Structures are given as C-alpha cells and as structure tokens.
Amino acid sequence: QVQLVESGGGSVQAGGSLRLSCAASGYTYSRFCMGWFREAPGKEREGVASIYNRGGSTYYSDSVKGRFTISQDNAKSALYLQMNSLKPEDTAMYYCATAVGLTCLTRLVLPNEYNSWGQGTQVTVSS
C-alpha cells in the first residue's frame, strides 16, 4: 500500500516561495505518475502538476505554469513542488498523490485520476 507524507507548507506573503516535499513508500508498480493537487474551501480540487516516475514528462496547470516546478528524487523516493511568486489564490491544502494510469505521459493528471494521496499540507498566502 502506497504511503505518502507531505511537508513544507506554511504561511507566506504574496511573492514569496515555499518548497513542498513528499516522502513516498510502498510502491507496487514500476511505472506510474506522481503529482500534486490542491483543494481550497468552497472550490473544486485542482490538479497542479504531475510527473512520470521515470522522468521526462511534466505538466502544469495554467494557473501555476512558470511559477511552480515539480521534481523528484527516486533515490530518496521523494517528490517536490517548488512554488515561487506565490499569490493569495494559491492558498489551499496541497496533496501529494500517485496514479497507476500513465496519463502523465501526455497531459496533467486530474485529481480524480489519482489512486492514493497523503494527508495534505496547508499553504496560506497573504496579500
């Protein structure tokens, strides 16, 4: 069973940066997608970024493109999300997630396509 534990959230002012980390364990597949989605009160879940575990394919939502960067360290079984130029509208609970389907090879993985996710880490951006 996949276990995902996020960390790195916090409160920052607009224009600031945060780096989210996700420690992963329990994989049973050799090829899969990983990513981040977020959920804000009163809003639908939004896919933020996704990556193929063997590298080479990264996709971002239009709302974060150019500001956020997803990366992974397979040796550490870790996933990261570097968030720069944060805006108040980025305020949300951020979840690290994995998907068995390989949609990340061609596009951003949607929140309902993930099979497992962690408990989330809160990001709050003040104006």
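Buried residues are those under 20% relative accessible area and exposed residues those over 50%, with partly exposed in between (1.4 Å probe, protein chains only). By that scale E39, at 30% relative accessibility, counts as partly exposed.

1. Basis of the note. This is a predicted model, in which local features need pLDDT of at least 70 and side-chain atom pairs count only at pLDDT 80 or more, while totals for chains, interfaces and linings use all residues. Residues are numbered from 1 along each chain as its sequence is written, and side-chain values use heavy atoms, with hydrogens and water left out.

2. A nonpolar core is a set of buried Ala, Val, Leu, Ile, Met, Phe, Trp, Tyr and Cys residues joined through side-chain atoms within 4.5 Å. The largest one has 26 residues, and W36, L81, M83 and Y94 touch the most other members. Two or more residues each are given by β3 (18-25), β4 (33-39), β5 (46-52), β7 (68-73), β8 (78-83), β9 (92-99) and β11 (121-126); strands are DSSP runs (E, at least two residues), numbered from the N terminus. The largest share, four residues, comes from β3.

3. Second core. A separate core of nine residues includes Y52, A97, A99 and C104.

4. Surroundings of Y94. Contact means heavy atoms within 4.5 Å. Leaving aside residues up to four places away in sequence, Y94 touches E6, L20, W36, F37, R38, V48, F68, L81, M83, G120, T121 and V123.

5. S61. This residue is placed in the loop between β6 (58-60) and β7. S61 is buried, with a relative accessible area of 7%. Its contacts, not counting residues up to four places away in sequence, are E46, G47, V48 and L108.

6. Salt bridges. A salt bridge is a side-chain nitrogen of Lys or Arg within 4 Å of a carboxyl oxygen of Asp or Glu. The structure holds six. One of them joins the side chains of R45 and E39 (3.4 Å, N to O); R45 is partly exposed at 35% relative accessible area.

7. The R67 and D90 pair. The closest N and O atoms of this salt bridge are 2.7 Å apart. R67 lies in the loop between β6 and β7 and D90 in the loop between β8 and β9, so the pair ties together parts that are 23 residues apart in sequence. Both partners are buried: R67 has a relative accessible area of 11% and D90 of 0%.

8. R107 forms a salt bridge with E113, with the closest N and O atoms 2.6 Å apart. R107 is partly exposed at 32%, and E113 is partly exposed at 24%. Elsewhere, salt bridges that share partners join R38, E46, R67 and D90 into one network.
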